[in-house]
There are 2 protein chains.
Amino acid sequence: MSTKSRREQIHDVASQLFSERGYHATSMRDLASQLGMQGGSLYAHISSKEELLVEIVDQAARQFDDALMPLKDADMGPEDKLREAMRRHLEVVTHNLESATVFFHEWKHLSPDAYKKVTDWRDTIDRLYRELVQEGIRKGVLRADLDVKMTAYLLLSAVNWTYTWYRPGGTLDATSIANHFADMLLVGLRTEPR
Amino acid sequence: MSTKSRREQIHDVASQLFSERGYHATSMRDLASQLGMQGGSLYAHISSKEELLVEIVDQAARQFDDALMPLKDADMGPEDKLREAMRRHLEVVTHNLESATVFFHEWKHLSPDAYKKVTDWRDTIDRLYRELVQEGIRKGVLRADLDVKMTAYLLLSAVNWTYTWYRPGGTLDATSIANHFADMLLVGLRTEPR
DNA sequence: CCTACCGATCGGTAGG
DNA sequence: CCTACCGATCGGTAGG
C-alpha cells in the first residue's frame, strides 16, 4: 500500500515506536531513520513531536467513540448490547494494537489541553458502560444487587487489559475474545447454581 | 517517619515521579530537587538511574511473589483460594500503587537482563492463575467448559487494571474490591439461571 | 528532503 | 552533599 501519504507513514511509524519504546524514549532521529530520512526532514511534514502524539491519541479515542457511542441508542436487548459493546471495544483494541497501547500509556505526556480531552473521554466511556449495566438491571437481565460502578470497572478491565497480552496472527480474534469474556462474565465461572 | 535511610527516600520519590511522569520524562535533577539536593549529589547514594528503576520493579515483583506464591500449596478449597489470590493481588496493587504503576508501565525500559526477569515473572503469575483455574475445574467447583487461558486472563484483567482507577483514601479497600470482583466473576452478572 | 547548526538538557563524574 | 563540569543527545530551525 504505497498510496499512503508521507504524513500517514510518519504517523504509522510513530505509533509503532511510541508503543514499543514509549514517547520520550523515541527520538525524532529514531523515527526519521526508520523512514529513511534525516531528523530535521521530518519537520517538512509535521510541526512538532507532540503533534504526532496528539494525533495518535486523538485518532484512537475517535475509533473507540465511533465504535461504541452509536450503541447508546441502538435498538437491542441489554445483553446483546453489552456483548456488542465488548466486541466492538475489542475490535478497536486488536485492530489498532499500537495506537491503543500509545493511548493507554502515553497520554500522561500530553500538554494540558490534550490531556484534559483524554480524561474527559475516559469519563465518557466509563459512563457508557455504567449506563449499559444500569439498563441491564432495569430491564431485569442483570442482577439487581450489582454495584454499577464496580461492574463497569470489571467489564472495562477485561476489554482494556487485552492490549497487554493480545498478539495479532493468533487464532483469537476480537469476536471470539468478546464471546469468551461475555460468556464467563454473564453466566459466572462456578458450576454450583445460586 | 524520618527513620528512613536516604536511599529509601530516593527510592520512594523515584517511585512517585516515575509513576506520575514516566521513567524517561523524569530527570535526575527533578528527583534531586524533590529531595532538596543537587543532581550530582544523588550519585553519592546510588550508582545510576537505571539501578533505581530495577530496584522499584524488582521490589514490586517480589511483593507479588511473596503474596501469591504461598497459595500454591495452601490447604484451601479452590474457590477460597481464588478469592484469596485476588484479595492478596489487590492488596499489593492498592498498597503500592506507585511502584505497581511503574511496574506495569516502565519495565520496557529495562536493560535486557532485568527485562527478561520481568517477562519471566509475568509468565509465572500467568501460570499460577491458570493452575488455580485448573484446580477449580478438576475439583468440580468451576465450570468444566472454561477455557483455562482465557479465564486466567479475565481474572488477571480485573486485579491488574485496578491500578488505573483506584485512588487511596476512598471507601474501597483491597478486600472489598476483591469481594466485589470475585462475587461477580464466580456467580455471573445475569439474573437468568442457566 | 539534506546539511549544518542552535540552545537546552540529559546522565554522570571529579575534586573537594 | 556541593560546585563545576564532561560529552552526548535532544527537539527544532535556517537556508538551500
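1. How much space lies in the second largest cavity? About 30 Å³ lies there. In this note a cavity is a set of points, on a 1 Å grid over the protein atoms alone, where a 1.4 Å probe fits but cannot get out, and lining residues have an atom within 4 Å of a point. Grid points are joined across faces, edges and corners, and the volume is the space filled by probe spheres set on the points.

2. Basis of the values. This is a predicted model, in which local features need pLDDT of at least 70 and side-chain atom pairs count only at pLDDT 80 or more, while totals for chains, interfaces and linings use all residues. Residues are numbered from 1 along each chain as its sequence is written, chains are lettered from A and ligands numbered from 1 in the order in which they are written, and side-chain values use heavy atoms, with hydrogens and water left out.

3. Architecture of chain A. Chain A contains eight helices and zero strands; helices (H or I, at least four residues) and strands (E, at least two) are DSSP runs numbered from the N terminus. Its C-alpha atoms fill a box of roughly 65 × 35 × 30 Å along the principal axes.

4. Lining of the second largest cavity. The residues around this cavity are A:Leu82, A:Arg83, A:Met86, A:Leu155, A:Ala182, A:Leu185, A:Leu186 and B:Leu189. Two or more of them come from each of α4 (78-95) and α8 (174-187) of chain A. By class, the lining has seven nonpolar residues, no polar and one charged, where Ala, Val, Leu, Ile, Met, Phe, Trp, Tyr, Cys and Pro count as nonpolar, Asp, Glu, Lys and Arg as charged, and the others, Gly among them, as polar.

5. The largest cavity. The structure holds two cavities of 30 Å³ or more, and the largest has a volume of about 130 Å³. It is lined by 17 residues, of which A:Glu106, A:His109, B:Gly22, B:Glu106 and B:His109 are the closest to its centre. The elements giving two or more residues to this lining are α5 (97-106) of chain A and α5 (97-106) of chain B. Four of the lining residues are nonpolar, eight polar and five charged.

6. Extent of the interface. In chain B, 46 residues are in contact (heavy atoms within 4.5 Å) with 47 residues of chain A. The two chains bury about 4600 Å² between them, 63% of it on carbon and sulfur atoms; buried area is the accessible area (1.4 Å probe) that two parts lose on being put together, summed over both. B:Trp161, B:Leu189 and B:Arg190 supply 18% of the area that chain B buries against chain A, more than any other three residues.

7. Two salt bridges, each a side-chain nitrogen of Lys or Arg within 4 Å of a carboxyl oxygen of Asp or Glu, are counted between chain B and chain A. The side chains of B:Glu79 and A:Arg190 form a salt bridge at 3.0 Å, N to O. On the side of chain B that touches chain A, the elements giving two or more residues are α1 (6-21), α5, α7 (148-165) and α8 (174-187) of chain B. The largest share, twelve residues, comes from α7(B). This side divides into 21 nonpolar, 14 polar and eleven charged residues.

8. Salt bridges in the whole structure. Over all chains, the search finds 32 salt bridges. A:Lys117 and A:Asp58 form a salt bridge, with their closest N and O atoms 3.2 Å apart. This pair links distant parts of the chain, with A:Lys117 in helix α6 (residues 112-138) and A:Asp58 in helix α3 (residues 49-68), 59 residues apart.

Key: On a 1 Å grid over the protein atoms alone, a cavity is a set of points where a 1.4 Å probe fits but cannot get out, and a pocket is an open set with protein on both sides within 12 Å along at least five of seven lines; lining residues have an atom within 4 Å of a point.
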